[in-house]
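Please look through the sequence and the structure shown here before reading the report that follows.

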Amino acid sequence: MASPQQINNLQNSFQSAVNLGGSPGIVSTSPTQSFMSSVPRRVSASRQTKALKPFSTGDIKILLLENVNQTAVEIFNGQGYQVEFHKSSLSEDELIEKIRDVHAVGIRSKTRLTEKVLKHAKNLVVIGCFCIGTNQVDLDYAAKIGVAVFNSPFSNSRSVAELIMAEVISLARQLGDRSIEMHTGTWNKVASKCWEVRGKTLGIIGYGHIGSQLSVLAEAFGMQVLYYDIVTIMALGTAKQVSTLDKLLSESDFVTCHVPATEDTKNLLSAPQFAAMKDGSYVLNASRGTVIDIPSLIQAIKAGKIAGTALDVYPHEPAKNGAGAFNDELNSWISELVSLPNVILTPHIGGSTEEAQSAIGIEVATNLSKYINEGASVGSVNFPEVSLRGLDLDQENVVRVLYIHHNVPGVLKTVNNILSNHNIEKQFSDSSGDIAYLMADISSVNQSDIKDIYDQLNATEYKISIRLLY
Ligand SMILES: NC(=O)c1ccc[n+]([C@@H]2O[C@H](COP(=O)([O-])OP(=O)(O)OC[C@H]3O[C@@H](n4cnc5c(N)ncnc54)[C@H](O)[C@@H]3O)[C@@H](O)[C@H]2O)c1
Ligand SMILES: O=C(O)CC[C@@H](O)C(=O)O
């Protein structure tokens, strides 16, 4: 586990890498119980900006599920937030109960934050997906209720690419089967249908962070790389982008999926696609369980068309670790799948390395803290990206207004009218679809003005949510 010093160093390098300004101070969400309490301000030694800090930090409640890395827990504890940590995901009923009062929730891929669940969240400000995928969250609904969602877009990409590379070789050499045989006392020294990967073609579907990392690794093993993507992407090394999925399928010895779970990628590989593949080729999937139609894959393996598969993700996955959790009740075809030769199955561990989890913990916890403390939404996946530079140390009586609203004409006029008794030091506003987000630093604000500003903004017809930081 990383030491506090290591976390600090990693956090510092993360902050400078993403170039997020502002203060590391402590803040809360809305002018509730403790907003008038006077808490000493903390100041960043390096940036010399003023820490925004309206309320007692003890008011901020963070719910962390699915064994989110301890680096995140330490960052949130360091901010003075109240952290409730769970190793596994929760049932929908438990989640609804727990989400009621919290300001932030941190999850990985198992927890479904649906509209039904989010409707019960009364104080929620931000969601952190401590992973790449965000399909488990209803992003549109979250934005609609003014909740920003952050993820970690690439901290585990290398880990996934390395796992896939290992599996490409394992499939080519039937390593899974040989290992299982040895574990049961069987010595089976065979070369038939075992291959080198050198000179073979790897077909990558989705040439994003993971697909492109994998491309570099595969070429280092002497493989040729083809990729198919819905956008035109510059090839790394000597990889070649192909214009159709069929072309990739018909020319590749190994086909691997690295696309997000969307309506378009549902059953992207099904019976017709397996039929279009080379005889004796291999299929890998470490993206999402919806991307491959597994019953059709089973038929293609049984028919001898596909020589093996490596799967890390499934349409339904167990909520927690444990013996017997991966069974036909979860997905009706599991016993059939496990009985087939050259099938490598892993429990969604593509991104599960110490390096990736620690980096994800730091990245997402830092972004969540910056959003809670300063309102900075840069890097959010469902929100307009807005940030303001930090306040100078000597600025007194300054309030930061965070106003999330419906994207309709007339808002700025109304809001600036409310703020007009004060000096607007700086202001930034952006929109994304129906949602818009305005940040403004206003000066010459007495403590007694704060509640009045809040009430006036709260009464505006366009408002989705408001926070005032000072
Ligand atoms: N197994 C794991 O532990 C693990 C870890 C990380 C990510 N993932 C999954 O892998 C997915 C990909 O990750 P990434 O970081 O490379 O994402 P990314 O967004 O960087 O890249 C995805 C690529 O897929 C392309 N794409 C989208 N729809 C497509 C389609 N219909 N056909 C072809 N290409 C399409 C996009 O244009 C993009 O280039 C994630 O969405 C996540 O669900 C799994
Ligand atoms: O850690 C997880 O649960 C998810 C890993 C991976 O699928 C991701 O989306 O990053």
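How many nonpolar, polar and charged residues does the shell around ligand 2 have? In this predicted model, the shell is made up of two nonpolar, four polar and two charged residues.

## The surroundings of ligand 2

The residues that surround ligand 2 are Arg108, Ser109, Cys131, Ile132, Gly133, Asn156, Arg288 and His348. Within this group, the side chain of Arg108 has an N or O atom 2.8 Å from an oxygen atom of ligand 2, and the side chain of His348 has an N or O atom 2.6 Å from an oxygen atom of ligand 2. With Ile132 it is a backbone N or O atom that lies 2.5 Å from an oxygen atom of the ligand. Ligand 2 would expose 290 Å² if taken alone, and the protein buries 91% of that area.

## The division into domains

The protein is divided into three parts, with domain 1 covering 57–151 + 356–374, domain 2 covering 159–345 and domain 3 covering 399–469. Taken over C-alpha atoms, the centres of domain 1 and domain 3 are 25 Å apart.

## Where domain 1 meets domain 3

Nine residues of domain 1 are in contact with ten residues of domain 3, and between them the two domains bury about 670 Å², of which 54% is on carbon and sulfur atoms. On the side of domain 1, Gly146, Tyr371 and Glu374 supply 53% of the area buried against domain 3, which is more than any other three residues supply.

Across this interface there are three residue pairs in polar contact, whereas the count of salt bridges between domain 1 and domain 3 is zero.

Conventions. Residues numbered from 1 in each chain as written. Chains lettered and ligands numbered in written order. Predicted model: local features only at pLDDT ≥ 70, side-chain atom pairs only at ≥ 80, totals over all residues. Heavy atoms only, no water. Near = heavy atom within 4 Å. Polar contact = N/O pair within 3.5 Å; in protein donor to acceptor, adjacent residues only side chain to side chain. Areas by Shrake-Rupley, 256 points an atom, 1.4 Å probe, with all protein chains shown as cover. Nonpolar A, V, L, I, M, F, W, Y, C, P; charged D, E, K, R; others polar. Domains from an automatic or database assignment. Contact = heavy atoms within 4.5 Å. Buried area = accessible area lost by both parts, 1.4 Å probe. Salt bridge = Lys/Arg side-chain N within 4 Å of Asp/Glu carboxyl O.
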